[in-house]
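Trainee: I have just opened this one and could use a guide. Could you walk me through it?
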Amino acid sequence: MDIAPNQVIRLVQNGQKDRALRSAAIWKCLSCFTCSSRCPQNVDCAGVLDALRRTAAAEGMHAETETRTLIFNTAFLHNIRRHGRLNEIELIGLFKTRAMLADPDLSFLFKDASLAPALRQKRKLHLAPDGVRDRDVVRRIFARCGA
Amino acid sequence: MAIGYYPGCALRGSSNDYEQSVRVCLKALGAELKELDDWICCGATAAHSLNEKLSVALPARNLAIAERDGFDELFAPCPMCSMELMKAAKEIAADSRLREEMAGIVELPVTGRTKILNLIQLLERFDLKPSKPLDGIIAACYYGCLLTRPASIVGFDDPEAPSSMETILAKLGAKTVNWNFRTECCGAGKTMCDEETVLDLAHKILSDAQRSGANCLVVACPMCHVNLDMKQAAAGKRFGVDHNLPVYYLSDLVGMALGFSPAELGVDRHFVVRLAHG
Amino acid sequence: MARIGVFVCWCGENIARTVDVAQVAEEAANIPGVRCSVHYKYMCSDPGQAMVREKIEGERLDGVVVASCSPHMHLKTFRRAAAAAGLNPYLVEMANIREHCSWVHHDREAATAKALDIIRMTVEKCKYDRALEPIRVPVTRRAMVIGGGVAGIQAALDIADAGYEVVLVEKEPSIGGKMAGLSETFPTLDCSQCILTPRMVEAGQHPRIKLHTYSEVESVDGFVGNFTVAVRKKARYVDIDKCTGCGECWNVCPWKKIPSEFDYGMGFRRAIYIPFPQAVPARPVIDKNSCAKLLKGGCGICAKKCPRDAIRFDDTDQIVEERVGAIVAATGYSLYSIGNDQPDPKYQGYGEYGYGVYKDVIDGLQFERLVSASGPTGGELKRPSDGKTPKSVVFVSCVGSRDNAKGISYCSKICCMYVAKHAMLYRHKVHDGEAHVFYMDIRAGGKGYDEFVRRAIEQDGARYHRGRVSRIYEEDGKLIVRGADTLSGTPVTVAADMVVLATAIRPAPGIESLAQKLNIGYDEHGFLLESHPKLRPVETNTAGVFICGAAHGPKDIPESVAQASAAASKVAVLFANQELSREPEIARINEQTCAACYACYRACPYHAIEQVQLKNKRAARVNPGLCMGCGTCVAICPSKSADIEGFTEQQIYSMVEALA
């Protein structure tokens, strides 16, 4: 993390929201909720960082070094909108493609490919996973949420 | 007993070994899992990171289906799903305007009254009598994040010193160790987009478990399993260590104590297939 | 026919600007029962008061109505003036035509009419006034101090030195409190026991101090000047008059490994024990939960060894009744216990620090015993797990304090100072040791206090990190402390040999029940409530009960001593007269019409109603020493037997009718 979570909160308190929004810290966050759990002032630190992520993504202000995380999450939602449930192979495909377009890096492209045979052999790779019957309602839900 | 069942995307994807294990073990205990009709993804990390309304609506849709189909309780083996479902249920139950709004979005009435159970809570309801006690198992129970946090939402066990898994394992005849990183995050959904962080964390967790004398790790979360099992070799390689530590789902150990073979439980489909005992 | 004098005041322009005072005085003369009606610019002045006195004597008045300001201002003034002229002061009434009239209205005509109405009502009230005498309450000039720590000892010594007898009640086997267990005190680094034990001895030997140790207050009855307190003297199983404190008994007791309360578990004691060598009284006590003879009938070696035959296995608790006129509560503090065993689940937490899991994570009082020269390790710093000398110690501030998530919102005040002290003492003992302090803020407001903390940093080399500790765990025999330094914005991890947690100051356990017995208030944290936070810090809202020391709130030794002397001076003021005087405008009950339903007894917030047996019936009776004249009994009495002197129902109704 380039800045610590307490510093992110401090920046927001001090009216320096932009620095917080542009930080890598908010994307490095794992949403493990340890911060909110321990805070003696009951500050929902994890919730604040969530809100900053949403704003940074919506405003296109995300830190450049953390683009991959944003791309992954966006691709994830795209995948759910289409299928209602996660289609892993399609997600990986979309994620890798978009990540490569943003930042070409062949080693990244092929990094997880080595696991594919093992996953196949262990019957963990599903080319056509069981799907949701009513996909239209999923699309409507997404639309109503502005997503 | 019959109970509503929400598998979640991971169990239908590359963590289908978890589902296999859960189904075998619960069937043997006498639980009938009634899968929620046409359930959809809970939204996971992506939804709450990018769209607040969606992060409530996706779980709300599932809660609405559960209510429509008469389920008072829903069993969700993945803690990400169970936490998101509980969070949405709590918010909806407390706010009548949100209830109305969600009903409009998900096209079904929803009140948030459904009770969500994780794997440990479900197993606690059974009188576990092992036919093959787990002698030789020295387990480091790993809870990760979302089983016990946020405490105000999940209200389960002690977020700093949980013991519910240890209690179950003791009933199965297994030994457990006291170790340091029971609730430290494994890297969660960052496996694809920030692998380095995941490998760092996985290495620390696996090392501490081994240092404490454990011969296996036990988890109740598919993401944790991926980060600690599928990525174990990569984590070890990064630090020049061969951990070779089996990572079991809690349902694996329950199943093996009830007499099932590892293959029947899908344990042979883990990446670290060495057995810790016998 | 009444002969009431009406005195209308201009109050300069305050009243006269809005009310036509002359007209009011003229019209008031026509009210039936009014003998004379005059006005003056400043009734409260000397000439004004002289006017009142002249009229009382000249017109032989039997009642006075002063139409001016609020009775809060000058009722006493006019009552004194009337008394000087020979009129009973309780026949004087005030009609408030300032705060209730001229200060809140603009319309002169309407205000003038209203002023006349107010006067008319007050004249009617005055007609029914009775001549009353102040209530005299006898005072037992003997005090009780509950709690024998430094505050209790100071208060007891001050009151006793002023010439009054003091009963000092202490629940531990010895007086001395927390201070007796400290090593050195900030900012002077005086040896704590060295400065306290002379006071302890003085209190133990003072001719006017009666000591009840190993005793607790069982019940409190009565009222200011007249308390009856039942004290339970717990069974010691040792006759302290025969015993000489020679120590033969505890030297032979075979039960040696009982965790010592005085050492907070850092050392051991026997089943028959003296808490520390300088105990006052220096007499042992038998722990009935550990003694084999008391539990199962075996052993009994101590009794055989005792050269004075002072052991009494058949001892029982005794209840002693003490009559006192004033009570001082000085019950001190206890430390927040961390972990999941709490009186209220909201206090549970801090599992991430491993207190109770790792032996070398201890609290501040435990550390005091480890560095104390008279402690279980003889003043050598040895850590609890293996007795090794720790080469790296981490001190964590604010554990529990200032934690709104736990509901302990306050600052415990003394920890910043004692943490600096601990760091210094550690560095003095272990020259090559590292002392790390994790803090959020430094609170060092007393004389020489900030300099003390700077000394710890600049001269004694303590490393201060501004940030909290998130986790403590064990790795390879070291305690890994993960914290932060927000000033540099970096995480800080220390591999320590020992960790000392500065835990929150809480009031002593059982404080709520004692406060209820004393009928005094306590706040949401249990600390005893003072009458006024600024101006009356040692008095309570219950007359005759005073508070001092940490029972009132976290504070250090100089503040506790100052408050103790303050409480003692309040007691001395109370005892300065043989009797207390109370205003007589209190409730009285007509015992003939009273139906003894005792609704008033149940409703009275001051427990001022007594149930009495008359010759042919039962009735309720008001205790004039306790009644505050609130009127609750009057409102609740179904037979209209209760009434307030000076505010009777007849008076109130007559005032209402006068308006109609």
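Trainee: How many residues of chain B are in contact with chain A, and with how many of its residues?

Mentor: Keep in mind that this is a predicted model, in which local features need pLDDT of at least 70, side-chain atom pairs count only at pLDDT 80 or more, and totals for chains, interfaces and linings use all residues. Residues are numbered from 1 along each chain as its sequence is written, while chains are lettered from A and ligands numbered from 1 in the order in which they are written. With that said, 38 residues of chain B are in contact with 42 residues of chain A, where contact means that the C-beta atoms of two residues, placed from the backbone, lie within 7 Å.

Trainee: Which elements of chain B give two or more residues to that side?

Mentor: They are α1 (9-12), α3 (44-50), α4 (52-68) and α6 (96-106) of chain B, and the largest share, 7 residues, comes from α3(B). Helices (H or I, at least four residues) and strands (E, at least two) are DSSP runs, numbered from the N terminus.

Trainee: And what classes of residue does the side of chain B that touches chain A have?

Mentor: That side has 20 nonpolar, 8 polar and 10 charged residues. Here Ala, Val, Leu, Ile, Met, Phe, Trp, Tyr, Cys and Pro count as nonpolar, Asp, Glu, Lys and Arg as charged, and the others, Gly among them, as polar.

Trainee: Now chain A itself. Which residues of α5(A) are buried?

Mentor: In α5(A), the buried residues are Cys45(A), Ala46(A), Leu49(A), Asp50(A), Leu52(A), Arg53(A) and Ala56(A). They lie on the same side of α5(A), because they cover an arc of only 165° around the axis, the arc being that of the directions from the helix axis to the C-beta atoms. A residue is buried if 20 or more other C-beta atoms lie within 10 Å of its own, exposed if 12 or fewer, and partly exposed in between, with C-beta atoms placed from the backbone.

Trainee: What do those buried residues pack against?

Mentor: They pack against α1 (5-13), α2 (17-21), α3 (25-28) and α4 (34-38) of chain A, together with α3 of chain B. The face turned away from the buried side of α5(A) carries the exposed residues Ala58(A) and Glu59(A).

Trainee: How far apart are the end C-alpha atoms of that helix?

Mentor: They are 21 Å apart, which agrees with the 21 Å that the 15 residues of helix α5 (residues 45-59) of chain A should span at 1.5 Å a residue. The expected span is 1.5 Å times one less than the number of residues in the helix. Just after α5(A), Gly60(A) takes a positive phi of about 65°.

Trainee: Where is the cis peptide bond in chain B?

Mentor: A cis peptide bond joins Arg149(B) and Pro150(B), with omega about -10°, and Pro150(B) is in the loop between β5 (138-141) and α8 (151-154) of chain B. In chain C, the peptide bond from Phe186(C) to Pro187(C) is cis, with omega near -5°, and Pro187(C) sits in the loop between β8 (184-185) and β9 (190-191) of chain C.

Trainee: Changing topic, what domains is chain B divided into?

Mentor: Chain B is divided into domain 1 (2-117) and domain 2 (128-269), with bounds that come from an automatic or database domain assignment. Their C-alpha centres lie 24 Å apart, and the contact takes 20 residues from domain 1 of chain B and 24 residues from domain 2 of chain B.

Trainee: Which element gives the most to the side of domain 1 of chain B that touches domain 2 of chain B?

Mentor: That is α2(B), with 8 residues.
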